[in-house]
Amino acid sequence: MRVHVADHPLVAHKLTVLRQASTPSPVFRQLTEELVTLLAYEATRGISVEEVDIVTPVAPTTGTHLTTPRPMVVPILRAGLGMLEGMTRLLPTAEVGFLGLVRNEETLEAVTYANRLPDDLSGRQCYLLDPMLATGGTLVAAIDYLFERGARNVTCITLLCAPEGLDTVEKAVGDRADVTIVTASIDERLNERGYIVPGLGDAGDRLYGVV
Ligand code: URA
């Protein structure tokens, strides 16, 4: 597994405003989209491309195209939805699938409660969107889900990670080179309620209001 922390002053600035408790929902949503677009630029560095012959108004030349099958973007419901617009702005030709995972409070395992994805993801590059990598349980289940259906490599875009969650994902995926985490920050720790510290609070609530 590879972990990439986007080290850029604009990422740091936007993340700082996002973290502040006083930042209202509309600003939070807008900043999330902007941050994801910046993270997506890093996350798509390894996207599959091929050479293509084209003709400019001046001369024939060789250029670059994204390959088919198209990349698959998968927001994890609910908070991952707030990241979708920022991702598709950079990757408008991607296909979008949805995955809803919830923790079974008895077994503590993540269970899929909603899925809108092709059964066959053979050869597809997938981009998972989930703003907070906290315990890592949801992300491990989502990665397993995609690989079981034949995905070729999976890049997870998160705003924040807890070191504990990164460890969990690392243990689950081992040294597979085809899993990458791209994030704006690795924070200090998880608190006893499972929140990332210093974090930004509950990302879903801050995006959409408390339900
Ligand atoms: N999920 C969140 O939304 N925030 C956290 O701090 C941890 C998990």
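Where is Thr67 found, relative to strand 3 and strand 4? In this predicted model, Thr67 sits in the loop that runs between strand 3 (60-66) and strand 4 (72-77). Thr67 has 14 C-beta neighbours inside 10 Å, so it counts as partly exposed. Leaving aside residues up to four places away in sequence, Thr67 touches Ser48, Val49 and Glu50. Compare that with Leu99: Thr67 and Leu99 are 32 residues apart in sequence, and their C-alpha atoms are 24 Å apart in space.

Now let's move on to the ligand. Its surroundings are made up of Ala79, Met132, Ala134, Gly194, Tyr195, Ile196, Gly199, Asp202, Ala203 and Gly204. Sorted by class, that shell holds six nonpolar, three polar and one charged residues. Then there's the UniProt record, an unreviewed entry, whose "binding site" annotation covers Ile196, Gly201, Asp202 and Ala203.

Two of the annotated residues are worth a visit. Gly201 is in the loop between strand 13 (196-197) and helix 6 (203-208). With 15 C-beta neighbours inside 10 Å, Gly201 is classed as partly exposed. Its contacts, not counting residues up to four places away in sequence, are Ala21 and Arg206.

Step along to Ala203 and you're in helix 6. Is Ala203 buried or exposed? Ala203 is buried, because 25 other C-beta atoms lie within 10 Å, and the cut-off for buried is 20 or more. Once residues up to four places away in sequence are set aside, Ala203 touches Ala79, Pro131 and Met132.

Definitions and conventions. Residues numbered from 1 in each chain as written. Predicted model: local features only at pLDDT ≥ 70, side-chain atom pairs only at ≥ 80, totals over all residues. UniProt positions renumbered as here; feature names shortened; annotations may be inferred. Helix = DSSP H or I, 4+ residues; strand = E, 2+ residues; numbered from the N terminus. Buried ≥ 20, exposed ≤ 12 C-beta atoms within 10 Å, placed from the backbone. Contact = placed C-beta atoms within 7 Å. Near = placed C-beta within 6 Å. Nonpolar A, V, L, I, M, F, W, Y, C, P; charged D, E, K, R; others polar.
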